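Here is a short briefing for a first look at this structure. Please keep the sequence and the model side by side as you read.

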Amino acid sequence: MTDTRRRVKVYTLNEDRQWDDRGTGHVSSGYVERLKGMSLLVRAESDGSLLLESKINPNTAYQKQQDTLIVWSEAENYDLALSFQEKAGCDEIWEKICQVQGKDPSVDITQDLVDESEEERFDDMSSPGLELPSCELSRLEEIAELVASSLPSPLRREKLALALENEGYIKKLLELFHVCEDLENIEGLHHLYEIIKGIFLLNRTALFEVMFSEECIMDVIGCLEYDPALSQPRKHREFLTKTAKFKEVIPISDPELKQKIHQTYRVQYIQDMVLPTPSVFEENMLSTLHSFIFFNKVEIVGMLQEDEKFLTDLFAQLTDEATDEEKRQELVNFLKEFCAFSQTLQPQNRDAFFKTLSNMGILPALEVILGMDDTQVRSAATDIFSYLVEYNPSMVREFVMQEAQQNDDVSKKLTEQKITNKDILLINLIIEHMICDTDPELGGAVQLMGLLRTLVDPENMLATANKTEKTEFLGFFYKHCMHVLTAPLLANTTEDKPSKDDFQTAQLLALVLELLTFCVEHHTYHIKNYIINKDILRRVLVLMASKHAFLALCALRFKRKIIGLKDEFYNRYIMKSFLFEPVVKAFLNNGSRYNLMNSAIIEMFEFIRVEDIKSLTAHVVENYWKALEDVDYVQTFKGLKLRFEQQRERQDNPKLDSMRSILRNHR
């Protein structure tokens, strides 16, 4: 018994037809008593635990793809793949599988992928192979019909694929494509379109490797330009050769990596732009194409990640003041695409990817880029920042707190020398970009507000025995950042109504209020101290006078969130500053109109009545009853008055209250 250990990754195909990484380990083959047969075993390289134990069944169809992949199905909806680090390891395990199944190791698939009918089985016995017509112009229609007729049957698809592989048929078809183009033979080009599209639906890696090779891929794309359904051919090759330019922002020394990037871009382009949208029937027939792109991307990210010189040069040039604007934009766009590629990785691979970027100094680099004037560069940098926040908000929080500490130390020294420290913190840069977004729809501001909300969300903060991230980060945020976030609100609410009430300002203030409302709900004493000390609620309620109903409702929602906490500190602040006045004023100005403003204000008072918040009930009735007593289309205000009178009756006659409790207990 031979036991060849090779480094592999184990993948399983999930319900969304995406490959999930199950871990990295070493594969061996050997007899397993429990399974009664030769089996594939993968033990994790981290702890030696068993990642995979799979019997090599004599009837299972194993496929070898791209020299380093073996793929098979264990059950109807359970596909597995082993991705080998080295071709030699893949070849050895493949030989083992073929040995068990009695197959020649030179094949790329060990069994027919069949679910064939009895009739097809009979055909199979009588005709062992499928004979292709000779590859000539006059027989293109016949070839196209043969391909189309083979697609519905798994057995005929398999035979057709083997015939295409064995006879080097694809290259002969592509030679005919050149002849047809030279002769402007449109009918022949239409047949070639149908043939090549049909070959894609055969779903065979061996055929894809020929079609996507450097010498063939552009001709394959050329064939797919001549869709018979279109009056004019598409110009995909022209786009790929003239419009789409491959820019090496940092020179890539590895020719294999460079070729892999070209290939992946073109294959992705074929999938997204060239091939027609697959029908439900065709969707699963392109699964190997999805897998081809997926594994290529994993490989590209891995190769770039391991090239330390490449990444060092990338970050050095990004942050170098001497780098010109055009070059910097290319560098940032590359980094953004690199991060987008990483989304195809499995969680543990993505961890390693972002740790590498973090160690290379991606956050200080982003801070430099976000401080620049170029809006396109800033936009790309924001996208990269969003990948980092979504992946690991704690890493970003730790960086900004360390930065604040360093800034404080520098500021102390500069204060002694009477110099001002003008360094802006990364998180404040993000807030400033949100506030200064020039887009009328505030698309960038909405994205940045979402990132800020993730960063200040205690739900994703860590707690350890000796320190809690929540306490440290929120202390930092309210000391260093909150004043930047509330600056536009405070600047616009110095009078009885908003000083600027245009649509864009209203949208921005609505975003700020949304974040502040989130803070009220999740931050308890930090936000409470801030609101009471800075008199924030009074300033927010100025926005009730805005001509934009959505902004007035945002202000009301903020107050409703505070009242919903039933916190007497907030209640005393509201009563002391008479902060129901703007709400009652808005209610009266709204008149008898039955709209969202009317309903929202009534709901707030109804909440106070139902929850029996005594201090607020007394305050509202004592100060605003005359303005509200005529409202009789709801019983809310009369109910509040009744609560207030019952409350006063108890205060005036405490014996009555104690008698009620005695009777209640006796009952």
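H29 and H31 cross in a left-handed way. In this predicted model, helix H29 covers residues 596-610, and its axis lies 9 Å from that of H31 at an angle of about 30°. Angles under 35 degrees count as roughly parallel, so H29 is roughly parallel to H31.

**H29 against H31**

- From H29, the contact uses Ile 602, Phe 605, Glu 606, Ile 608, Arg 609 and Val 610.
- From H31, the partners are Thr 636, Phe 637, Gly 639, Leu 640 and Arg 643.
- Sorted by class, the contact of H29 with H31 holds six nonpolar, two polar and three charged residues.

**H30 against H31**

- Helix H30 spans residues 614-628, and helix H31 spans residues 636-652.
- The axes of H30 and H31 come within 9 Å and cross at roughly 125°.
- That angle makes H30 oblique to H31.
- The crossing of H30 and H31 is left-handed.
- H30 brings Lys 614, Thr 617, Ala 618, Val 620, Val 621, Glu 622, Trp 625 and Leu 628 to the contact.
- H31 answers with Phe 637, Lys 638, Leu 640, Lys 641, Arg 643, Phe 644 and Gln 647.
- The contact of H30 with H31 counts eight nonpolar, two polar and five charged residues.

**The loop between H30 and H31**

- Val 634 sits in the loop that joins H30 and H31.
- Val 634 and Ile 602 are 32 residues apart in sequence, yet their C-alpha atoms are 8.4 Å apart in space.
- Ile 602 is also one of the H29 residues in the contact with H31.

**H13 against H14**

- Helix H13 runs over residues 308-319, and helix H14 over residues 325-342.
- The axes of H13 and H14 come within 9 Å and cross at roughly 135°.
- H13 is therefore oblique to H14.
- H13 passes H14 in a left-handed crossing.
- On the H13 side, the contact is made by Phe 310, Leu 311, Leu 314, Phe 315, Gln 317, Leu 318 and Thr 319.
- On the H14 side, it is made by Lys 327, Arg 328, Leu 331, Val 332, Phe 334, Leu 335 and Phe 338.
- By class, the contact of H13 with H14 has ten nonpolar, two polar and two charged residues.

**H24 and its neighbours**

- The buried residues of H24 are His 526, Ile 527, Lys 528, Tyr 530 and Ile 531.
- Which helices do the buried residues of H24 pack against? They pack against H21 (469-480), H22 (482-491), H23 (503-522), H25, H26 and H27.
- Asp 535 follows H24.

- Most residues other than glycine have a negative phi.
- Asp 535 has a positive phi of about 55°, although it is not a glycine.
- Asp 535 lies in the loop between H24 (525-534) and H25 (536-541).
- Lys 566 also has a positive phi of about 55°, and it is not a glycine.
- Lys 566 lies in the loop between H26 (549-564) and H27 (568-576).
- Lys 566 is partly exposed, because its relative accessible area is 42%.

**Met 211**

- Met 211 belongs to helix H7, residues 205-211.
- Met 211 is buried, with a relative accessible area of 0%.
- What does Met 211 touch, leaving out residues up to four places away in sequence? Its contacts are Ile 170, Ile 196, Ile 199, Phe 200, Cys 216, Ile 217 and Val 220.
- Met 211 and Ile 170 are 41 residues apart in sequence and 7.4 Å apart in space, C-alpha to C-alpha.

**The whole chain**

- The protein chain contains 32 helices and seven strands.
- Of its 667 residues, 49% count as buried.
- Take the contacts between residues at least 6 apart in sequence: 64% of them join residues at least 24 apart.
- The protein chain exposes about 34300 Å², and carbon and sulfur atoms supply 49% of that area.

Terms used
Residues are numbered from 1 along each chain as its sequence is written. This is a predicted model: local features need pLDDT of at least 70, side-chain atom pairs count only at pLDDT 80 or more; totals for chains, interfaces and linings use all residues. Side-chain values use heavy atoms; hydrogens and water are left out. Axes are lines fitted to C-alpha atoms, for helices over the stretch in contact, and angles run from 0 to 180 degrees between N-to-C directions. Helices (H or I, at least four residues) and strands (E, at least two) are DSSP runs, numbered from the N terminus. Angles under 35 degrees count as roughly parallel, over 145 as roughly antiparallel, 65 to 115 as roughly perpendicular and the rest as oblique. A crossing is left-handed if the near helix is turned anticlockwise from the far one by less than a right angle, and right-handed if clockwise. Contact means heavy atoms within 4.5 Å. Ala, Val, Leu, Ile, Met, Phe, Trp, Tyr, Cys and Pro count as nonpolar, Asp, Glu, Lys and Arg as charged, and the others, Gly among them, as polar. Buried means under 20% relative accessible area, exposed over 50%, partly exposed in between (1.4 Å probe, protein chains only). Accessible areas come from the Shrake-Rupley method with a 1.4 Å probe; for residues, only the protein chains shown count as cover.
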